[in-house]
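This report is meant for a reader who is meeting the structure for the first time. Please keep the sequence and the model in view while reading.

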Amino acid sequence: MAFWVSFLPDAHRTLRPDGIWLHDIRYWSNALSGQVGRTKGELLVKFDPRDVSRIFVQHPDGRFLEARARPLGFPAISLREWKQARKALGGKGRRERNDEQITKTALTQRKLIDEAIAKTAAARKAPVSTKSGDEANFGSMSGIDSRIPTVLELVERQRDRNTRPSDG
């Protein structure tokens, strides 16, 4: 696990009594409670952008400890989903900090994307109906019977009868 964690992006954060804040999310681990107030400076924090529900904090002795997002029901969402949900809520005029609302928005957006992907896949798998020009009615002459006069032709014939000189 230490090998995997070494490849993750990092940041430096201060350990505060309420936890470690990263990406406007509060994280906590009971293993860090003994270090609150004792650590000088900032701790190295590693995070996985594919899952912001947990981070890895380097303990002063050098090993990494896992810290979870403070709301324990925090779902495994990506950093991009988190930022997009915050942006979407900010666009609606909701700039207050509400982790539950942000995660619900992120999960709703994920559901919309999954549904769109499923619809696209279904549309690609469905057989394509090939219609000829006559069936699709794209400017074809089918369906028009030239033996039946149109309304315009009937009006012109009536006018011609009324304006024709009589033979008498």
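In what follows, a residue is called buried when its relative accessible area is under 20%, exposed when that area is over 50%, and partly exposed in between, with a 1.4 Å probe and protein chains only. Helices (DSSP runs of H or I with at least four residues) and strands (runs of E with at least two) are numbered from the N terminus. The model is predicted, and local features need pLDDT of at least 70, side-chain atom pairs count only at pLDDT 80 or more, while totals for chains, interfaces and linings use all residues. Residues are numbered from 1 along each chain as its sequence is written, and side-chain values use heavy atoms, with hydrogens and water left out.

**Overall layout**

The chain contains 5 helices and 6 strands, and along the sequence these follow the pattern α-β-β-β-β-β-β-α-α-α-α. Of its 168 residues, 27% are buried. Where contact means heavy atoms within 4.5 Å, residues 24 or more positions apart make up 57% of the contacts in the chain that have a separation of 6 or more.

The 6 strands form an open sheet in the order 1-4-5-6-3-2, with antiparallel pairing. Strand 1 (10-13) and strand 2 (20-22) are found at the edges, and each has a single partner strand, so one side of each is left without a neighbour in the sheet. On average, neighbouring strands of this sheet are turned by 40° against each other, direction ignored; the axes behind this angle are lines fitted to C-alpha atoms, for helices over the stretch in contact, and angles run from 0 to 180 degrees between N-to-C directions. Two strands count as paired if DSSP finds at least two bridges between them. In general, strands of a sheet pair through backbone hydrogen bonds, either parallel or antiparallel.

| Strands | Bridges | Opposite residues |
|---|---|---|
| Strand 1 and strand 4 | 4 bridges | A11 and V45 |
| Strand 4 and strand 5 (residues 51-58) | 4 bridges | K46 and F56 |
| Strand 2 and strand 3 | 3 bridges | L22 and I25 |
| Strand 3 (residues 25-28) and strand 6 (residues 64-69) | 2 bridges | W28 and R68 |

**The turn between strands 2 and 3**

The hairpin of strand 2 and strand 3 likewise has 2 residues between the strands. Most residues other than glycine have a negative phi, and most peptide bonds are trans. H23, which lies in the loop between strand 2 and strand 3, has a positive phi of about 60° although it is not a glycine. D24 is placed in the loop between strand 2 and strand 3, and its phi is near 65°, again a positive value in a residue other than glycine. With a relative accessible area of 26%, D24 is partly exposed.

**The helices**

The axes of helix 2 (residues 79-91) and helix 3 (residues 99-125) come within 8 Å and cross at roughly 110°. That makes helix 2 roughly perpendicular to helix 3, since angles of 65 to 115 degrees are given that name, while those under 35 count as roughly parallel, those over 145 as roughly antiparallel and the rest as oblique. Among the residues that make the contact are W82, A85 and L89 of helix 2 and I102, T103 and A106 of helix 3.

T103, a residue of helix 3, is buried, with a relative accessible area of 9%. Leaving aside its neighbours within four places in sequence, T103 is in contact with F74, P75, I77 and W82.

Is helix 5 (residues 151-163) largely enclosed or largely in the open? Of its 13 residues, the number buried is 0, so helix 5 lies largely in the open. Helix 5 reaches 19 Å from its first C-alpha to its last, close to the 18 Å expected at 1.5 Å a residue, where the expected span is 1.5 Å times one less than the number of residues.
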